[in-house]
Amino acid sequence: MEPLLVFPDPPPPELAQTLDLSGYPWKAVADEVSATRAEPEDGWAGAIVVADQDPDGAFALCRALRKRDLPLDPLLLLVNGTQLGDLDLRDELFDDFCLSPFHPREFEARLKH
């Protein structure tokens, strides 16, 4: 199974723990350049982008991942409740979103979806 791309590097501890306990391979990246350098030969299995600490960096990475020759999907965006308005007119940048802090069962369900 190819790893998931995770932003930022380092990821929030609860995200890393949930991914590890669920058995998902993942690799954290700091930006588009490191995402390209670290990309496996067969590509990423998907991406989880946390936008609550660095929303500008998160949305820039989402934009870059979607504008590639082969757009990366699925892309799950993690946002806090105050950022819901920021999702308007940006729905092309992600496939699904989850509120942070997240409940591990809800997060796992969204990953499987």
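Which residue in β2 does Val6 stand opposite? In this predicted model, Val6 faces Ala28 of β2. The two strands concerned, β1 (residues 4-7) and β2, run parallel and are joined by 3 bridges.

**The sheet and its helix**

These strands belong to an open sheet of 5 strands, paired in parallel and ordered β2-β1-β3-β4-β5. At its edges lie β2 (26-28) and β5 (96-99), each of which pairs on one side only. On average, neighbouring strands of the sheet are turned by 20° against each other, direction ignored. Helix α4 (residues 104-112) lies across β1, β3 (46-50), β4 (75-79) and β5. Relative to β5, helix α4 runs at about 175°.

**Aromatic rings**

A pair of aromatic rings is described by the distance of the centres and the angle of the planes. The model holds 2 aromatic pairs. For Phe94 and Phe97, the ring centres are 6.2 Å apart and the planes stand at 90°; because planes over 60 degrees apart count as edge-to-face, this pair is classed as edge-to-face. The accessibility of both residues is set out below.

| Residue | Relative accessibility | Class |
|---|---|---|
| Phe94 | 10% | buried |
| Phe97 | 29% | partly exposed |

Phe94 counts as buried because its relative accessibility of 10% is under 20%. Phe97, at 29%, falls between the limits of 20% and 50% and therefore counts as partly exposed.

A further ring, that of Phe59, has a charged group over it: the charged end of Arg90 sits 4.1 Å from the ring centre.

How values were computed:
Residues are numbered from 1 along each chain as its sequence is written. This is a predicted model: local features need pLDDT of at least 70, side-chain atom pairs count only at pLDDT 80 or more; totals for chains, interfaces and linings use all residues. Side-chain values use heavy atoms; hydrogens and water are left out. Two strands pair if DSSP finds at least two bridges between them. Helices (H or I, at least four residues) and strands (E, at least two) are DSSP runs, numbered from the N terminus. Axes are lines fitted to C-alpha atoms, for helices over the stretch in contact, and angles run from 0 to 180 degrees between N-to-C directions. Contact means heavy atoms within 4.5 Å. Rings of Phe, Tyr and Trp (its six-membered ring) pair if their centres lie within 6.5 Å; planes under 30 degrees apart count as stacked, over 60 as edge-to-face and the rest as tilted. Buried means under 20% relative accessible area, exposed over 50%, partly exposed in between (1.4 Å probe, protein chains only). A charge sits over a ring if NZ of Lys or CZ of Arg is within 6 Å of the ring centre and within 35 degrees of the ring normal.
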